[in-house]
Amino acid sequence: MMRNLGVAAAAAAAAFAPPAFSQTTGSETVVVTADRMLDVQSGRLLDQPVVVITDGRIASVATGNARPLIPAGATRIDLPGKTIVPGLIDMHVHLTSNPKYGGYTGLQFTDSFWVAQAAGNSARTLRAGFTTVRNVGSDNYADVGLKQAIEEGWIEGPRIVPAAYALGATGGHCDETFLPPSFQRVSPAMGDSPEELKKRVREQRKYGAEVIKVCATGGVFSRNTEPGIQQLHEEELKAVADEAHFWKLKTAAHAHGAEGIKAAIRAGIDTIEHVSFIDDEGIRLARERGTWLGFDVYNTEYTLAEGKANGVLPENIEKERRVGTLQRENFGRAAKAGARMIFSTDAGIYPHGDNARQFAVMVRFGMTPLDAIRTATWNAAQALGREADVGAIAVGRFGDLVAVDGDPTRDVTLLERPAAVVKGGKLVTGRQGG
């Protein structure tokens, strides 16, 4: 969820047209070699890959006995004994949030603190192997500012698809719900009619949003809301989806409750986040309409173990306890039914950089390791509408790679310990050979 605390960002960010990633690397060629490469589309492990990256994008991929012509002077990144997979994608993060400051404890900091500490969160996320993230909610357009600072080379971080403010109903999960009326705190992205919400979509796009996030139900980490209760009418959700799609933007809906999930699917929302109480009808609707489902099945243990010490209110911990078990059971049911799934963790509820710990939970509750990896690569790229840029080690995509020891299709926990991370042909962490 979005931490409803002020953050300072680039308020003067120019309006720009999404949704293509930009790349600012200079002209150079990088050659990456390893022992094996996971082709996430076919599911096959290929031997002796040689990946040539020019100006940040993959120019050629050869495997086995095939050997491409390597330009003279190319930079080498040799990863002997390693398996490379595409750069990982987390479809649900909050880089300006920090689980150390739950409940009211964040009020001790000035507004600009949140975007300042987000720089560290961004670096940890990238070094954990997540070269692309979708930031689904931040105050003051902070995620737009982070994206710009990363692309300009001022800070280290992943490619960001920003949502800016999350839209919602007055008094709902994405409004300011922790303070009394004397503080006059309200989110500027609330709307209580289809027309108001259409305007909110246009405002977010104007200031840099590349995806539109809307809260369809109550949530765990807000006050005076219940996760299972719908908070926007279907016609309001449809107005959000239609307006976003008119502007060529994808949409995401925070939705725990079964009726809110189904309303969001029928409204045309592209991805449903949390999906905790989805029922059989909801799974069927998602399959029929091709809607992507993003279950954040990792963070329950962290909240239950650490939340109280970090200031999370007892009512929020109790909601997490009620939601977590059922959400995981429904994740298994949806996976078994063949629903389209994406990797969404709600990073910021747990510490940034621990994103890959969710893979093991996904496997424990019904997915194969390969299918879990696909949720964070090829599936996520399709859900973003950016499969020409990310999600696979293939010609034309960005040179975003993660190297691990061993075979992640047998032991998915290897992704928790990347041996090397490459973003756009640049070695972020690991050893460079040559």
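**A loop residue and the helix after it**

Author: Tyr141 is buried, with a relative accessible area of 16%; buried means under 20%, exposed over 50% and partly exposed in between, with a 1.4 Å probe and protein chains only. This is a predicted model, in which local features need pLDDT of at least 70, side-chain atom pairs count only at pLDDT 80 or more, and totals for chains, interfaces and linings use all residues. Residues are numbered from 1 along each chain as its sequence is written, and side-chain values use heavy atoms, without hydrogens or water.

Tyr141 sits in the loop between β7 and α2; helices (H or I, at least four residues) and strands (E, at least two) are DSSP runs numbered from the N terminus. Although Tyr141 is not a glycine, its phi is positive, at about 60°.

Helix α2 covers residues 142-151 and is mostly covered, with 7 of its 10 residues buried. The buried residues are Ala142, Asp143, Val144, Gly145, Leu146, Lys147 and Ile150. They pack against α1 (113-127), β7 (130-135), β8 (159-162) and β15 (420-423), where contact means heavy atoms within 4.5 Å. After α2 comes Gly153, which has a positive phi near 85°.

One of the helices that α2 packs against is α1, and Arg124 lies in α1. Arg124 counts as partly exposed, at 44% relative accessibility. Apart from neighbours within four places in sequence, Arg124 is in contact with His352 and Gly353. Its C-alpha atom is 27 Å from that of Thr368, which is 244 residues away along the chain.

Asn224 lies in the loop between β9 (211-215) and α4. Asn224 is exposed, with a relative accessible area of 73%, whereas Tyr141 is buried.

Helix α5 (residues 258-267) is also mostly covered, and 8 of its 10 residues are buried. These are Ala258, Gly260, Ile261, Lys262, Ala263, Ala264, Ile265 and Ala267. Their cover includes α4 (234-246), β10 (250-255), β11 (271-274) and α6 (280-289). Gly268 follows α5 and has a positive phi near 100°.

Tyr302 belongs to helix α7 (residues 300-306). Tyr302 is buried at a relative accessible area of 18%. Not counting residues up to four places away in sequence, Tyr302 touches Pro99, Gly307, Asn310, Ile349, Tyr350 and Pro351. Pro49 is 253 residues from Tyr302 along the chain, and their C-alpha atoms are 38 Å apart.

Next, the empty space. Rolling a probe the size of a water molecule over the atoms shows where empty space is left. On a 1 Å grid over the protein atoms alone, a cavity is a set of points where a 1.4 Å probe fits but cannot get out, while a pocket is an open set with protein on both sides within 12 Å along at least five of seven lines; lining residues have an atom within 4 Å of a point. Grid points are joined across faces, edges and corners, and a volume is the space filled by probe spheres set on the points.

There are 5 cavities of 30 Å³ or more. The second largest cavity holds about 100 Å³. Of its 15 lining residues, Val220, His256, Asp296, Glu320 and Asp346 lie nearest the centre. Helix α8 gives the largest share of this lining, 3 residues. By class the lining has 5 nonpolar, 7 polar and 3 charged residues; Ala, Val, Leu, Ile, Met, Phe, Trp, Tyr, Cys and Pro count as nonpolar, Asp, Glu, Lys and Arg as charged, and the others, Gly among them, as polar.

The second largest pocket has a volume of about 160 Å³. Two or more of its lining residues come from each of α8 (314-336) and α10 (369-375), and α10 gives the most, with 3 residues. Among the lining residues are Lys336, Met341, Thr368, Asp371 and Arg374. The lining divides into 4 nonpolar, 5 polar and 3 charged residues.

As for confidence, the mean pLDDT of the chain is 92, and 93% of its residues reach 70 or more; pLDDT is the predictor's confidence in each residue, from 0 to 100. Residues 1-26 have pLDDT below 50, and beyond near neighbours in sequence this stretch has 96 contacts in the model. Where pLDDT is low, the predicted coordinates should not be read in detail.
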